[in-house]
Amino acid sequence: QVQLVESGGGLVQPGGSLRLSCVVSGSRFSDYAMGWFRQAPGKQRELVAAINTDDATNYGDSVKGRFTISRDNAKNTVYLQMNNLKPEDTAVYHCNAVLFGSNLRLYSWGQGTQVTVSS
């Protein structure tokens with residue numbers, strides 16, 4: 001059974017930074033592309049960043065230039081470095097394995113981590 005455990009969220013002021021982590025267990029982590037999704041209240045969940053097995057990356061337009069996704073296959077962990085945060089980045093953030101180039105996720109969701117950007 002695959003488990004996804006996200007961490008690193010919190011309350012941050014506009015312009016601040018956070019680094020999210022997601023540890024994956026129960027799958028061959030290095031064989032899969034990984035993505036970070038977010039869901040704000042009243043909005044649909046959206047894919048904001050993805051990283052393929054060859055470290056190629058994709059970003060949503062709203063986060064391009066501010067967020068950086070990376071992975072450490074030795075630690076079965078995917079990261080999301082978020083800089084210059086804006087109030088509209090407030091959401092619950094989830095990771096999941098994805099089909100690279102699409103927003104299709106492979107596994108059930110973990111608990112996610114809350115990011116709140118507010119002064």
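**Entry 1: Pro 14**

I looked up Pro 14 and found it in the loop between strand 2 (10-12) and strand 3. The model I am reading is a predicted one. At a relative accessibility of 40%, Pro 14 counts as partly exposed. I then listed its contacts, leaving aside neighbours within four places in sequence: Leu 85, Pro 87, Val 117, Ser 118 and Ser 119. I also took the C-alpha to C-alpha distance from Pro 14 to His 94, which is 21 Å for a pair 80 residues apart in sequence.

**Entry 2: Ser 119**

Ser 119 sits in the segment after strand 10. I recorded it as exposed, because its relative accessible area is 84% and the cut-off for exposed is over 50%. Where does Ser 119 stand relative to Gln 13 in space? The two C-alpha atoms are 5.0 Å apart, although 106 residues separate Ser 119 from Gln 13 in sequence.

**Entry 3: the disulfide**

How many disulfides does the structure hold? I found one. It is formed by Cys 22 and Cys 95, whose sulfur atoms are 1.7 Å apart.

Are the two cysteines buried or exposed? Cys 22 counts as buried, because its relative accessibility is 0% and buried means under 20%. Cys 95 is buried as well, with a relative accessible area of 0%.

**Entry 4: Gly 112**

I turned to Gly 112, which is placed in the loop between strand 9 and strand 10 (113-117). Gly 112 is buried, its relative accessible area being 12%. Which residues does Gly 112 touch, not counting those up to four places away in sequence? I listed Glu 6, Val 92, Tyr 93 and His 94.

**Entry 5: Gln 44**

Arg 38 came up again when I examined Gln 44. Gln 44 is in the loop between strand 4 (33-39) and strand 5 (46-51). With neighbours within four places in sequence left aside, Gln 44 is in contact with Arg 38 and Gln 39. Both of these numbers fall in the range of strand 4. I recorded Gln 44 as exposed, at a relative accessible area of 73%.

**Entry 6: positive phi angles**

I next inspected backbone angles, bearing in mind that most residues other than glycine have a negative phi. Asp 55 has a positive phi of about 75° although it is not a glycine. Its place is in the loop between strand 5 and strand 6 (57-59), and at 48% relative accessibility Asp 55 counts as partly exposed.

Asn 84, also a residue other than glycine, has a positive phi near 50°. I located Asn 84 in the loop between strand 8 (77-82) and strand 9. At 42% relative accessibility, Asn 84 counts as partly exposed.

**Entry 7: the chain as a whole**

I closed with the totals. Which elements make up the protein chain? I counted zero helices and 10 strands, so the order from the N terminus on reads β-β-β-β-β-β-β-β-β-β. The protein chain is as compact as a globular protein of its length, because its radius of gyration of 13 Å is close to the 14 Å that the globule rule gives for 119 residues. Along the principal axes, I noted a span of about 40 × 25 × 25 Å for the C-alpha trace.

Buried residues account for 40% of the 119 residues. Of the contacts between residues at least 6 apart in sequence, 56% join residues at least 24 apart. The protein chain exposes about 6200 Å², of which carbon and sulfur atoms supply 44%. For charge, I recorded 11 positive and 9 negative side chains, the centres of the two sets lying 3 Å apart.

Terms used. Residues are numbered from 1 along each chain as its sequence is written. This is a predicted model: local features need pLDDT of at least 70, side-chain atom pairs count only at pLDDT 80 or more; totals for chains, interfaces and linings use all residues. Side-chain values use heavy atoms; hydrogens and water are left out. A disulfide is a pair of cysteine sulfur atoms within 2.5 Å. Buried means under 20% relative accessible area, exposed over 50%, partly exposed in between (1.4 Å probe, protein chains only). Helices (H or I, at least four residues) and strands (E, at least two) are DSSP runs, numbered from the N terminus. The radius of gyration is taken over C-alpha atoms; the globule rule is 2.2 Å times the number of residues to the power 0.38. Contact means heavy atoms within 4.5 Å. Accessible areas come from the Shrake-Rupley method with a 1.4 Å probe; for residues, only the protein chains shown count as cover. Lys and Arg count as positive and Asp and Glu as negative; His and the chain ends are not counted. The place of a charge is taken as NZ of Lys, CZ of Arg, CG of Asp or CD of Glu.
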